[in-house]
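This briefing goes through a sheet, its flanking helix, several salt bridges and a surface patch. Please keep the structure in view while reading.

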Amino acid sequence: MRDFQENSDIFNLLSEGVSEGIIVVNANQIIVATNTSSLQMFGYEKGELIGKPLDILIPRRYHAGHDAHVDNFIAKSDKRQMGHGRNLYGICKDGKEFPVEAGLNPFEFYGATYVMALVIDITERKSREEELSHWARIFDESLNEIFVFDAETYKFLNVNKEAQRNIGYSIKEMYEMTPVDIKPEMDISQFENLISPLLKDTTSKVNFETKHGRKDGTTYPVEVHLQLSNLGDKKVFVAFILDITERKNYTENLENLVEERTHQLTEALAVEKELNELKTRFLSLVSHEFKTPLSSILTSITLLGKYTETEQQPKRDKHVTTIKNKVKYLDTILNDFLSVERLESGKVNYKIEEFPLSKIVNEVVYNSNMLLKSGQQIRYPENIDELNIQFDEKTLELALSNLVHNAIKYSPEDSTIDIKVDIKDIGYAISVIDEGIGIPIEEQKHIFNRYFRAENALLTQGTGIGLNIAKQHIENLGGSLEFSSTESIGSTFTLCIPKLKTN
Ligand code: ADP
């Protein structure tokens, strides 16, 4: 064995010049020569391996398989690479194992067969490979979509599995495409504008939102995180894509919900405001509108107590009338307020009945008589004696008495108030005509607004509620309330009641 190395200067010369480990074994797998690289690789001193079986360099668990393999190999006298397709390991003197790749070269020397094994320590390559496959796995298994494309041609170079799945194109199809092809809302110049800061190196990352178009024509919103990177000597863009469909839906739903809630809140606030306003009005009504009638009731009662003589009856009568009038007035405004509340809360129940119109007109006129100023008179309609109508009696009484009271209130002494009824095919028009102060033309458009009172009416007591309520009730029942008026001449208010049944 020693012979081999001693007799082969040429071997020594050649083997020392290569970086691979060289080990020569004879037909019995006994080591007959080694070079320095192999000694370093396996941790032995020069000459230490000569005469040792090759097994000493192979981990025990591979021995059986290996011997058979080499014997077979020698028998075939083949030249071949070992370690391809399977993992080969060497073992150092200190027991440390390391991955190797070995090439076996059989040859004849002085009539004997030898095998020269070229051994390469592939520890580093293996770990590099492992690292690469680790990154490749991350790339492919990532739930984010990852697209890699050429920085010059923009053509895709790699697209991970999730991206292929979501976009619907195969990797082959994608090799022929660029990012612009899958961005329906973006043209090439917009895209170049976006990536130019990366190419100019003014930023290291570009983020933006856009849409991706799938092969099947559908689209989905995405968030793109773009970076420039090097692949060998090539510059490539790496795009991490987040499908933000769910986030978008969530945000959209949230926005809709906020809008809806804001709307509800605004409505609730408006109702609240209205109620507050009503409360304020009521308080001011109580403090202003109640004060005057109450103090005149008080005065009349005080005076009543003083008129003890029999002949003072007319004076007593006058005060009793005043008291009655004032109480009636207080009753009316309280009813008006209650009516507002009922209308607001939708708690009104109407009852449509048939009744003679004259009954209501008589009642209203009778109740109004005590409000008449001196010399005022009310003229009855002449044509209603036999007239029956179908309507809610209470509503008609409320509306008509409101109109008649206003006519009295806003007309001077010695004036006439006419009540006229016009019988038409579709219904009845009941008009209350006065010769009073009228309504200034510029204020006429507000007259049915709740709490509105015309400038020329402010010296007369009132709340601005009556007409508003009357109109709402009448309209709720399919009728209407209109007026015409000329300041200082007079007003005509007309209630139209629909005919529900033919008489
Ligand atoms: P109020 O009479 O209590 O103020 P109304 O709602 O009945 O409330 O009337 C609203 C306003 O319409 C009155 O303040 C007044 O300015 C005007 N108005 C109503 N009827 C007449 C009328 N017959 N003549 C003149 N102005 C009227």
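**Salt bridges**

Glutamate 173 counts as partly exposed, because its relative accessibility is 29%. In this predicted model, its side chain meets that of lysine 215 in a salt bridge, at 2.8 Å from N to O. The two residues are 42 apart and link distant parts of the chain, glutamate 173 being in helix H7 (residues 171–175) and lysine 215 in the loop between E9 and E10.

- Lysine 215 is also partly exposed, at a relative accessible area of 47%.
- The search of the whole structure finds 16 salt bridges.
- One of them joins arginine 247 to glutamate 223, with 2.9 Å between the closest N and O atoms.
- Arginine 247 belongs to helix H9 (residues 245–289) and glutamate 223 to strand E10, so this pair ties together parts that are 24 residues apart in sequence.
- Arginine 247 is partly exposed, with 39% relative accessible area, whereas glutamate 223 counts as buried at 15% relative accessibility.
- Both residues belong to a salt-bridge network of Glu209, Glu223, Arg247 and Lys248.
- A further salt bridge, 2.6 Å from N to O, is formed by the side chains of arginine 165 and glutamate 162.
- Arginine 165 and glutamate 162 are three residues apart in helix H6 (residues 161–167), and therefore about one helical turn separates them.
- Arginine 165 is exposed, at 56% relative accessibility, while glutamate 162 is buried, at a relative accessible area of 16%.

**The sheet**

- Five strands form an open sheet in the order E8-E7-E11-E10-E9, paired antiparallel.
- Its edges are strand E8 (156–159) and strand E9 (206–213); each has a single partner strand, so one side of each lacks a neighbour in the sheet.
- From one strand to the next, the twist averages 30°.
- Strand E7 (residues 145–150) and E8 run antiparallel and are joined by three bridges; phenylalanine 149 has phenylalanine 156 in E8 as its bridge partner.
- E9 and E10 also run antiparallel, joined by eight bridges, and histidine 212 stands opposite tyrosine 220 in E10.
- These two strands make a hairpin with five residues between them, and glycine 217 in the turn has a positive phi of about 95°.

**Helix across the sheet**

- Helix H8 (residues 188–199) lies across E7, E9, strand E10 (219–231) and strand E11 (234–243), and runs at about 30° to E10.

**Surface patch**

- A nonpolar surface patch consists of Ile10, Leu13 and Leu14, whose accessible area together is about 360 Å².
- Leucine 14 is part of helix H2 (residues 9–16) and counts as exposed, because its relative accessibility is 60%.

Technical notes
Residues numbered from 1 in each chain as written. Predicted model: local features only at pLDDT ≥ 70, side-chain atom pairs only at ≥ 80, totals over all residues. Heavy atoms only, no water. Patch = residues over 30% accessible without salt bridge, like charges linked within 9 Å, V, L, I, M, F, W, Y side chains within 5 Å. Areas by Shrake-Rupley, 256 points an atom, 1.4 Å probe, with all protein chains shown as cover. Salt bridge = Lys/Arg side-chain N within 4 Å of Asp/Glu carboxyl O. Helix = DSSP H or I, 4+ residues; strand = E, 2+ residues; numbered from the N terminus. Buried < 20%, exposed > 50% of the residue type's maximum accessible area, 1.4 Å probe, protein only. Pairing = 2+ DSSP bridges. Axes fitted to C-alpha atoms, helices over the stretch in contact; angles between N-to-C directions. Contact = heavy atoms within 4.5 Å.
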